[in-house]
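I opened my notebook today to look around a new structure, one question at a time. Come along and check each entry against the picture.

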Amino acid sequence: MPFYISDIFPYLSKDCKKQLEIQLGIILRDSSKTANLKCYIIQKIKNTYVDKLKKILSSPQHHVVKKMFLEGGFIDKTEVHYPLFDFPVIELNDYYYLPLELYEAILKEDFFKENHYIFGILNTLPEKEIKYWKIWLENETKVAFEPSKNLSKNRIFFYFYLLLSPISIRIIHQFSKDQFSIKECFPTLIDQYPLNLFNECFSFYQALQKLYYERGDSTIIFDNQKMKLKDLLLYFLSGKLMPIFKNQALESIVQTKELRDIEISQDNDSKSKVFDLNLKK
C-alpha cells in the first residue's frame, strides 16, 4: 500500500528526502504541520505532475511510472533500471511507491473516467454499489476491507484493496470492444431474477452477487463468445468490467484500463493462452 509523503517523510533516506524537496519545492524535514503539508503537496502535484502522468499513461511507450500506476502504485527496485528523477516517488526499503498525494490530486480528473481507468470510474459508483462490491470481494477473497464505513470517502483505499486482492482469473478472453450495455452483457438474463430487480430495489453489484452464487455454473454467450457465467462475473469482481453510473443510473459497462493493459495486451492470441493472475503482492 502506498504512503503519503507527508506521513512517511521522517523515515526516508537522506537522498530520498533531498530529491522530494527539490521536486516539490519545499523544505519538508522541518515541517510539523502535517495537514497543511499534505495539502501543499497535493496542490503541487496537481500543478506540476498530473499532466505528466496523463501523457505517460497515454503513451504506448514503456515507462516505469505507468507500470507502477497500473499494478497498484509500487514496484520492486530490481525492476527499475534507471533513476526516477522525473517524478516524485517514495523510496522505502526495497520498493518505490507513488505517493498517496498523487491519487488525491487525480481523484476527480475526468481523464481517468473517460479513459476507463478503475480509479476514475469509482467516482461514478453510488455508495451502495461500492458497499455490495466490497461484500462480494470480502466473501470471495476472505480478505477484510477496513474502514467499513463511509466508503464514498475511502475510494482511494478501496481502489488499492481491489487491485491487491488475491483474485485469480485463469482464462483471459480477447473481447472485440471495450464498452457494452447491460443487455449486451446479459441478453437472456436481464429479464430474469435477480437482474430483473436491479432497477427496482437491488443494486447492480447486489444482483451480480446473487447471480454469482446461485447461477454461476450456467453457460452464456457474451461478445460472441461462449463462456461460463461465473467467468464473466469474475471480470466484474476483479474490476476488469465495471459499470459507469450517471445520476445513480447505470449508463454503460466498460472494460477497465489497469487490468486490461497488463493482461490482454501481453499476447494478441490471448484466447488460446492461459494466464494466472494474482493481484496480491
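Predicted model: local features only at pLDDT ≥ 70, side-chain atom pairs only at ≥ 80, totals over all residues.

The entries below go from the whole chain down to single residues.

**Entry 1: the whole chain**

I looked up the helices and strands, and the chain has 14 helices and eight strands. Next I asked how much of the chain is buried. Of its 281 residues, 52% are buried. I also checked contacts between residues with a separation of 6 or more, and 62% of them come from residues 24 or more positions apart.

**Entry 2: the cysteines**

I reminded myself that a disulfide is a covalent bond between the sulfur atoms of two cysteines. How many disulfides does the structure hold? I found zero. Cys 16 has 5% relative accessibility, and because buried means under 20%, Cys 16 counts as buried. Cys 185 is at 0%, so Cys 185 counts as buried too.

**Entry 3: the sheet with β1, β2 and β3**

I traced an open sheet of three strands here, in the order β1-β3-β2, and its pairing is antiparallel. Which strands stand at the edges? They are β1 (74-76) and β2 (90-92). Each of these has a single partner strand, so one side of each is left without a neighbour in the sheet. I wrote down the twist as well: it averages 20° from one strand to the next.

I then followed one pairing in detail. Strand β3 covers residues 95-97, and three bridges join it to β2. For Leu 92, I found the bridge partner Tyr 95 in β3.

**Entry 4: the sheet with β4, β7 and β8**

This is an open sheet of three strands, with the order β4-β8-β7 and antiparallel pairing. I asked why β4 and β7 each have a side without a neighbour in the sheet.

Strand β8 (residues 249-255) came next. I found it mostly covered, with five of its seven residues buried. Strand β4 (residues 179-180) pairs with β8 over two bridges. Here Gln 179 stands opposite Val 254, and Phe 180 stands opposite Ile 253.

On to strand β7 (residues 241-246), which six bridges join to β8. Lys 246 has Ala 249 of β8 as its bridge partner. The hairpin of β7 and β8 has two residues between the strands, and I noted that Asn 247 takes a positive phi near 55° there.

**Entry 5: helices α12 and α13**

I looked at how helix α12 (residues 204-215) meets helix α13 (residues 229-238). Their axes come within 10 Å and cross at roughly 150°. Is the crossing of α12 and α13 left-handed or right-handed? I recorded it as left-handed.

Which residues make the contact? From α12, I listed Phe 204, Tyr 205, Leu 208, Leu 211, Tyr 212 and Arg 215. From α13, I listed Leu 229, Lys 230, Leu 233, Leu 234 and Phe 236. Sorting them gave nine nonpolar, no polar and two charged residues.

I then checked how covered α13 is, and eight of its ten residues are buried. Among them are Leu 232, Tyr 235, Leu 237 and Ser 238. Just after α13, I noticed that Gly 239 takes a positive phi of about 90°.

**Entry 6: a closer look at Leu 229**

Is Leu 229 buried or exposed? At 0% relative accessibility, Leu 229 counts as buried.

What is Leu 229 in contact with, leaving aside its neighbours within four places in sequence? My list reads Phe 186, Leu 189, Leu 211, Arg 215, Gly 216, Ser 218 and Ile 220. Two of these names, Leu 211 and Arg 215, were already in my notes for the α12 side of the helix contact.

One last distance went on the page. Leu 229 and Thr 219 are ten residues apart along the chain, and their C-alpha atoms are separated by 5.6 Å.

Technical notes. Residues numbered from 1 in each chain as written. Heavy atoms only, no water. Pairing = 2+ DSSP bridges. Helix = DSSP H or I, 4+ residues; strand = E, 2+ residues; numbered from the N terminus. Axes fitted to C-alpha atoms, helices over the stretch in contact; angles between N-to-C directions. Left-handed = near helix turned anticlockwise from the far one by under 90°. Contact = heavy atoms within 4.5 Å. Nonpolar A, V, L, I, M, F, W, Y, C, P; charged D, E, K, R; others polar. Disulfide = S-S within 2.5 Å. Buried < 20%, exposed > 50% of the residue type's maximum accessible area, 1.4 Å probe, protein only.
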